[in-house]
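Subject: Structure handover

Hi,

Here is the structure I promised to pass on.

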Amino acid sequence: MSVDLRSDTVTRPTPDMREAMAQAAVGDDVYGEDPTVGALQEQVADLLGHEAGLFMPTGSLANQIGMRLHVGEGQEFIADSLAHVLRAELGAGAALGGMTSRTWQAERGLVDPEVVLRLMIPEAGPYQVSTALVVLENTHNFGGGTVQPLSSLRTIREATADVGVRTHLDGARLWNAHVATGVPLRDYGACFDTVSVCFSKGLGAPVGSMLVGSAEAMTRARVLRKRYGAGMRQVGILAAAARHALEFGLTDLAEDHRRAASVARAVADTHPEVVGSDDVRTNIVLLDVGAAGWSAPDAVHALAAAGVQAYATDPRHLRLVWHRDVDDAATELTREALLALLAGDPLAASDVPRNSAVLTSPR
Ligand SMILES: *Cc1c(COP(=O)(O)O)cnc(C)c1O
């Protein structure tokens, strides 16, 4: 048996989902004529309490276009130093969008409104860069699936709105935050001018993301999407997968959370320096294996030899992500492999056969 915990993007569509895709009504979505895309856009905009939505091939594009709606050339957005928009979108904000950025530091990605508001410079005048946008992430990926408290989001929303600064949420895993806390998706949505969400993570669709915002903003986003080369035609086939994922995948996320937390607690029992017993609330387990003397790449290789694929987010941290294709038996295998790893000798790790492929990981 082996288990792939590198990311929740690795799921494969179920036969039911494939059937829904095969049956989808389609049209040319560049002309706005695909009924399945239209239905998905309305559904998700409504869930998040926004006027309109725009289907996107990837979460990165949804973020980049969302950010460009608010940030002019040479203006800045601010985000935390571990944000996906900065660490994992290959510099698109600068390379394609002409945006500059500054960062704040956040332990496990948890946002502190005071720190954000201190960094923000709304009207910097003609000699300095003005902050146009605050970008937040919920749940926070490289922070370890961290859920942002609604009260913090509301504080930032009020303070930024007062001075004309916009807010964008990278909500690739907002579904997980919603399921973990019970906070309605609309309450999260109300704190932001635009929100991106992914169907291709824990929900289990093969492809697809959505940007939501005002109708006027989505009209401008449609132009940008075409300019980026992502105007798509009979894409209802993919929107059908997303609709299926929302209908059947959302509540299952609680199972991923339960399994992830059980492994984190087992590790915390014997190695509290590696993970805190209350750190894991969603589907991501971030382990500071460096604190137990392991380099993260060595730990990745040792776990791979035991049938568990994980991802090294940096030289000392391992990330394991639960998803629909990981059941209780695979979770148990993972728990045992981790406990054996941490009980073992990091210096003997060089004996483990190396396979460079295990280090390249999806997000
Ligand atoms: C996965 C992810 C995205 C989008 O990734 P794509 O691979 O471009 O779909 C954006 N933000 C976060 C936090 C993510 O985890």
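A quick word on naming before anything else: helices (H or I, at least four residues) and strands (E, at least two) are DSSP runs, and they are numbered from the N terminus. Leu90 is not a glycine, yet its phi is positive, at about 55°. Do bear in mind that this is a predicted model.

The peptide bond between Asn138 and Thr139 is cis, with omega at about -5°. Thr139 belongs to the loop between β5 (131-137) and α7 (150-162). For context, most residues other than glycine have a negative phi, and most peptide bonds are trans.

Now the ligand, which I guess is what you'll open first. Which residues come closest to it? Of the 13 residues that surround the ligand, the closest are Gly59, Ser60, Asp170, Arg173 and Lys201. Helix α3 (residues 59-70) gives the most to this shell, with three residues. Sorted by class, the shell has six polar, five charged and two nonpolar residues.

- Ser60 puts a polar side-chain atom 2.6 Å from a ligand oxygen.
- Gly59 uses its backbone instead, with an N or O atom 2.8 Å from an oxygen of the ligand.
- Asn141 has a side-chain N or O atom 2.9 Å from a ligand oxygen.

The ligand on its own would expose 380 Å², and the protein buries 88% of that. The space it takes up is the second largest pocket.

Finally, the overall fold. The protein chain has 14 helices and twelve strands. Its radius of gyration is 21 Å, close to the 21 Å that the globule rule gives for 363 residues, so the chain is as compact as a globular protein of that length. Along the principal axes, the C-alpha trace spans about 60 × 55 × 35 Å.

Cheers

Note on methods. Residues are numbered from 1 along each chain as its sequence is written. This is a predicted model: local features need pLDDT of at least 70, side-chain atom pairs count only at pLDDT 80 or more; totals for chains, interfaces and linings use all residues. Side-chain values use heavy atoms; hydrogens and water are left out. A residue is near a molecule or strand if one of its heavy atoms lies within 4 Å of it. A polar contact is a pair of N or O atoms within 3.5 Å; within protein, one must be able to donate a hydrogen and the other to accept it, and residues adjacent in sequence count only if both atoms are side-chain atoms. Accessible areas come from the Shrake-Rupley method with a 1.4 Å probe; for residues, only the protein chains shown count as cover. On a 1 Å grid over the protein atoms alone, a cavity is a set of points where a 1.4 Å probe fits but cannot get out, and a pocket is an open set with protein on both sides within 12 Å along at least five of seven lines; lining residues have an atom within 4 Å of a point. A molecule sits in a cavity or pocket if more than half of its atoms lie within 2 Å of its grid points. Ala, Val, Leu, Ile, Met, Phe, Trp, Tyr, Cys and Pro count as nonpolar, Asp, Glu, Lys and Arg as charged, and the others, Gly among them, as polar. The radius of gyration is taken over C-alpha atoms; the globule rule is 2.2 Å times the number of residues to the power 0.38.
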